[in-house]
Amino acid sequence: MGKTRRRWAGAGALCSGLFLLGMDLTVLNVAVPDLQRALGSSARQTQWIVDAYALVLGGLVLTAGSVTDRIGRRRAFLSGLTVCGLASWAGAVASAPWQLIAARGVMGAGASLIMPATLSLITRLFPEPALRHRAISLWAAVGGVGGALGPVIGGWMVSRHSWRAVFWLNIPMAAAVIVLSLLLVPAPRPSRTERVDLPGTVLSATGLLALVWAIIEGPGRGWTSPLILAVLAVAAAALAAFGWWLRRAAAPMLPRHVMRRPVTVAAAALAMMSFGMFGALFVISLYLQGVLGCTPWQAGVRTLPMPAALIAGAALAAVLTNRLTHKFLMVSGLVAVAGSFLLLAGTTAHSGYPHLALVQVIAGLGAGVTAASGTAAVMDSVGESYAAVGSAINDATRQVGATLGVAVQGSVLATAYTNKMRDALAHGGLTKVPSAATDSVAAAALAGRHADPAVRSHLLTAATDAFVAGLTRSAWVAAAVALTGAAAAWRCLPHRPALSSPPRPDARTEPGASR
């Protein structure tokens with residue numbers, strides 16, 4: 001095998017680990033009913049079986065990136081895969097909800113090591129800017145596709161086996177990636193030799209864990225709940241203290257030059273893209289099942305246009321990087337994403353699937369271009385010695401953005417649906433319908449199951465109209481956030497050819513660097 005081909009094979013092994021990580025974020029979404037029946041879990045326990053993975057991943061990925069640069073990137077990658085494999089085994093044999101929640105949390109800890117290690121190893125494999133940008137485009141495409149295909153894979157596994165098959169699948173996949181990585185991926189020496197920044201590690205982990213927890217719990221408990229407000233205050237205080245510490249520490253986990261404007265703006269724009277994409281995918285899945293009547297498996301298959309278009313968008317970005325700037329590509333991609341959400345805002349109860357497929361294609365193309373060019377902008381700015389930290393910044397902001405997108409857009413949708421349904425029940429001749437119909441379209445269908453045909457038809461029409469009203473509002477929110485990201489990228493990112501942005505010098509040349 002030639003040297004270049006071997007490097008691409010190594011990048012493929014690393015991206016396989018990233019695919020596993022992305023798949024685990026969403027694969028359980030369609031397994032919830034089967035899982036609840038098997039374990040007898042409550043609604044709150046089920047929520048945390050699904051969300052524990054995202055909580056720990058989002059809270060620890062920044063810390064893991066700093067540690068990865070110090071212990072070695074391949075070692076961190078292999079350790080993360082091993083932890084995920086063992087935790088998947090624990091999840092597969094779990095007999096109680098708390099065991100499954102713990103297993104998912106440990107899987108998230110393993111994933112927090114995998115995510116920054118993949119991208120930093122890819123930048124090490126490809127020091128040439130042109131090849132590096134192509135490899136980053138591949139990385140961005142695989143990461144998005146893993147999350148998008150999770151419900152499809154989960155639906156297929158559950159329909160043929162059980163929810164436990166979702167966990168058993170991880171074990172041979174993780175083992176195969178470990179073997180391929182040992183054969184194909186070199187083990188560079190740690191790029192940073194100073195001690196771990198313990199205060200920075202504690203403050204960042206505390207702040208991010210509290211923030212992600214509040215985002216996940218906010219829709220259920222209410223955003224004005226005293227507990228949610230208190231946890232958000234803890235998150236704000238910890239992250240503010242973290243920023244203060246970074247300006248004063250001799251060897252902070254995030255060196256000052258890493259937090260320059262191009263890095264922070266590109267990462268923030270990527271977070272806004274993730275906010276819109278993951279929230280919209282969640283809302284579209286609900287529309288497919290609640291309005292169009294798809295089964296979970298059918299709904300998963302009907303979301304395939306988005307990952308397919310995302311791959312095409314990332315490939316397009318890899319080609320256009322030779323001619324255009326990261327700035328132009330990011331702004332164009334975010335505008336396309338915002339346009340798709342504006343199209344989604346025009347959805348009606350009778351739009352049908354072709355309309356949703358078009359929305360997904362436009363959104364996927366824009367997201368692919370944005371993810372590839374934005375990630376390349378971040379990695380070009382931080383330099384090879386801090387590649388894992390740069391990747392962790394990129395990953396942490398996108399993870400928080402995705403979690404916030406699902407929570408906020410889901411909350412906007414639920415609030416609009418409930419308010420409109422309450423009006424329908426009070427003033428639309430449906431006063432005898434149980435109030436549970438205001439919870440969801442499925443609950444409305446269940447509430448009207450024993451009603452007269454005319455009442456049932458009226459109730460389902462009201463529920464569909466209420467859902468579409470909520471979908472419209474959530475789509476407007478997603479479009480506004482994506483356009484804000486485009487404006488920030490246009491205003492703040494440097495206007496220079498992507499291939500003329502060399503990596504930052506090694507830490508040895510950075511002022512105040514400690515080796």
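A residue is buried under 20% relative accessible area, exposed over 50% and partly exposed in between (1.4 Å probe, protein chains only). The views show a predicted model, in which local features need pLDDT of at least 70 and side-chain atom pairs count only at pLDDT 80 or more, while totals for chains, interfaces and linings use all residues. Residues are numbered from 1 along each chain as its sequence is written, and side-chain values use heavy atoms, with hydrogens and water left out.

**View A. Helix 5 is largely enclosed by the rest of the structure, since 21 of its 29 residues are buried.** Helices (H or I, at least four residues) and strands (E, at least two) are DSSP runs numbered from the N terminus. Helix 5 covers residues 97-125. The end C-alpha atoms of helix 5 are 42 Å apart, which agrees with the 42 Å that its 29 residues should span at 1.5 Å a residue; the expected span is 1.5 Å times one less than the number of residues.

**View B. Trp8 and Phe126 form a tilted aromatic pair.** The whole structure contains three aromatic pairs, that is, Phe, Tyr or Trp rings (for Trp the six-membered ring) with centres within 6.5 Å, called stacked under 30 degrees between planes, edge-to-face over 60 and tilted for the rest. The ring centres of Trp8 and Phe126 are 4.6 Å apart and the planes meet at 45°, so this pair falls in the tilted class. Trp8 belongs to helix 1 (residues 3-26), whereas Phe126 lies in the loop between helix 5 and helix 6, so the contact ties together parts that are 118 residues apart in sequence. The two partners may also be described by accessibility: Trp8 is partly exposed, at 29% relative accessibility, and Phe126 is buried, with a relative accessible area of 0%.

**View C. Trp163 and Phe167 form an edge-to-face aromatic pair.** The ring centres of Trp163 and Phe167 are separated by 6.0 Å, with an angle of 90° between the planes. Trp163 is buried, its relative accessible area being 2%. Phe167 likewise counts as buried, at 2% relative accessibility.

**View D. Nine named residues surround the second largest cavity: His133, Ser137, Ala317, Ala318, Thr321, His326, Ala372, Ser373 and Ala376.** Helix 6 (129-160), helix 12 (305-320) and helix 14 (352-382) are the elements that give two or more residues to this lining. Helix 14 provides the largest share of the lining, with three residues. On a 1 Å grid over the protein atoms alone, a 1.4 Å probe fits in a cavity but cannot get out, a pocket is an open set with protein on both sides within 12 Å along at least five of seven lines, and lining residues have an atom within 4 Å of a point.

**View E. The second largest pocket is lined by 16 residues.** Leu62, Leu208, Ile393, Ala396 and Thr397 are the lining residues that lie nearest the centre of this pocket. At least two lining residues come from each of helix 8 (198-221), helix 9 (226-246), helix 10 (261-290) and helix 15 (387-427). Helix 15 supplies the largest share, four residues.

**View F. Leu459 is a buried residue of helix 17.** Helix 17 runs over residues 453-492, and the relative accessible area of Leu459 is 1%. The C-alpha atom of Leu459 is separated by 8.3 Å from that of Ala424, a residue 35 residues apart from Leu459 along the chain.
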